[in-house]
Amino acid sequence: LVLLEGISSRLFLGQTSPLFYYFSLFPSSHEFLHGASLLKPGGIFHFEHFPITKWIFVNGLNRSWEIVGTAPSAFIGEMYANFGFPIMVLSILVLSLILQYIQIRFITRPRTLLLTAFYAYFVFLSGQFAMTGLFIVAHLYLILFLLIAIIFVDGYSLLVGALKK
């Protein structure tokens, strides 16, 4: 019973519990971050990075443990902590439009083995937005993946069109 309770807690409350603390601790315990927890690749931006998942773990979830973990949540928690409610709602809308556009681009193409593999990877990455921050998922590998997928899909169409002529 204890094992099943631990598994179900991890499955059903793993991301929602930290999300509750994102909403309850910002801006009451800490002011909005204004982008301080976002990525700072190569140190090109001139702000100090705020480790939001560690801060939420220590200030919200920490149950007097000696180790410090992280408390990742859905990307909307990160957007709320950085920019507040209006930008969070706008980011949900923009992300859903982008994901839907990519989905439509995938399903309107002729089925190939390569396209199916890219589509499966896209679906896996899309599901990650519900479990972790936006910039954990949307990183260099995702951008490379999308570029390669576009080149292969459109390149395949161009190649087939050229061969038919």
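Colleague: At what angle do the axes of helix H2 and helix H4 cross, and within what distance do they come?
Modeller: This is a predicted model. In it, the axes of H2 (residues 16–25) and H4 (residues 75–83) cross at roughly 15 degrees and come within 9 Å. Angles under 35 degrees count as roughly parallel, so H2 is roughly parallel to H4.

Colleague: Left-handed or right-handed crossing for H2 and H4?
Modeller: The H2 and H4 crossing is left-handed.

Colleague: Which residues make that contact between H2 and H4?
Modeller: H2 contributes Leu-19, Tyr-22 and Phe-23. From H4 come Ile-76, Gly-77, Glu-78, Tyr-80 and Ala-81.

Colleague: And by class, what does the contact of H2 with H4 have?
Modeller: There are 6 nonpolar residues, 1 polar and 1 charged.

Colleague: Switching to Ser-73. Where is it found?
Modeller: Ser-73 sits in the loop between helix H3 (52–61) and H4.

Colleague: Does Ser-73 count as buried or exposed, and why?
Modeller: Ser-73 counts as buried, because its relative accessibility is 3% and the cut-off for buried is under 20%.

Colleague: What does the side chain of Ser-73 reach?
Modeller: The Ser-73 side chain reaches the backbone nitrogen of Leu-19, at 3.4 Å. Leu-19 is also one of the H2 residues in the contact with H4.

Colleague: Which residues does Ser-73 touch, not counting those up to four places away in sequence?
Modeller: With those left out, Ser-73 touches Gln-15, Pro-18, Leu-19, Tyr-22, Met-131, Thr-132 and Gly-133.

Colleague: Back to helices. How do H4 and H5 pack, in angle and axis distance?
Modeller: H4 packs with helix H5 (residues 85–107) at an angle of about 140 degrees, and their axes are 7 Å apart. H4 and H5 are therefore oblique to each other.

Colleague: What hand does the crossing of H4 and H5 have?
Modeller: Right-handed.

Colleague: Which residues meet there, in H4 and in H5?
Modeller: On the H4 side they are Phe-75, Ile-76, Met-79, Tyr-80 and Phe-83. On the H5 side they are Phe-85, Ile-87, Met-88, Ser-91, Ile-92 and Leu-95. The contact of H4 with H5 divides into 10 nonpolar residues, 1 polar and no charged.

Colleague: How many residues apart are Leu-38 and Glu-78 in sequence, and what is their distance in space?
Modeller: Leu-38 and Glu-78 are 40 residues apart in sequence, and their C-alpha atoms are 8.6 Å apart. Glu-78 is among the H4 residues in the contact with H2.

Conventions
Residues are numbered from 1 along each chain as its sequence is written. This is a predicted model: local features need pLDDT of at least 70, side-chain atom pairs count only at pLDDT 80 or more; totals for chains, interfaces and linings use all residues. Side-chain values use heavy atoms; hydrogens and water are left out. Axes are lines fitted to C-alpha atoms, for helices over the stretch in contact, and angles run from 0 to 180 degrees between N-to-C directions. Helices (H or I, at least four residues) and strands (E, at least two) are DSSP runs, numbered from the N terminus. Angles under 35 degrees count as roughly parallel, over 145 as roughly antiparallel, 65 to 115 as roughly perpendicular and the rest as oblique. A crossing is left-handed if the near helix is turned anticlockwise from the far one by less than a right angle, and right-handed if clockwise. Contact means heavy atoms within 4.5 Å. Ala, Val, Leu, Ile, Met, Phe, Trp, Tyr, Cys and Pro count as nonpolar, Asp, Glu, Lys and Arg as charged, and the others, Gly among them, as polar. Buried means under 20% relative accessible area, exposed over 50%, partly exposed in between (1.4 Å probe, protein chains only). A polar contact is a pair of N or O atoms within 3.5 Å; within protein, one must be able to donate a hydrogen and the other to accept it, and residues adjacent in sequence count only if both atoms are side-chain atoms.
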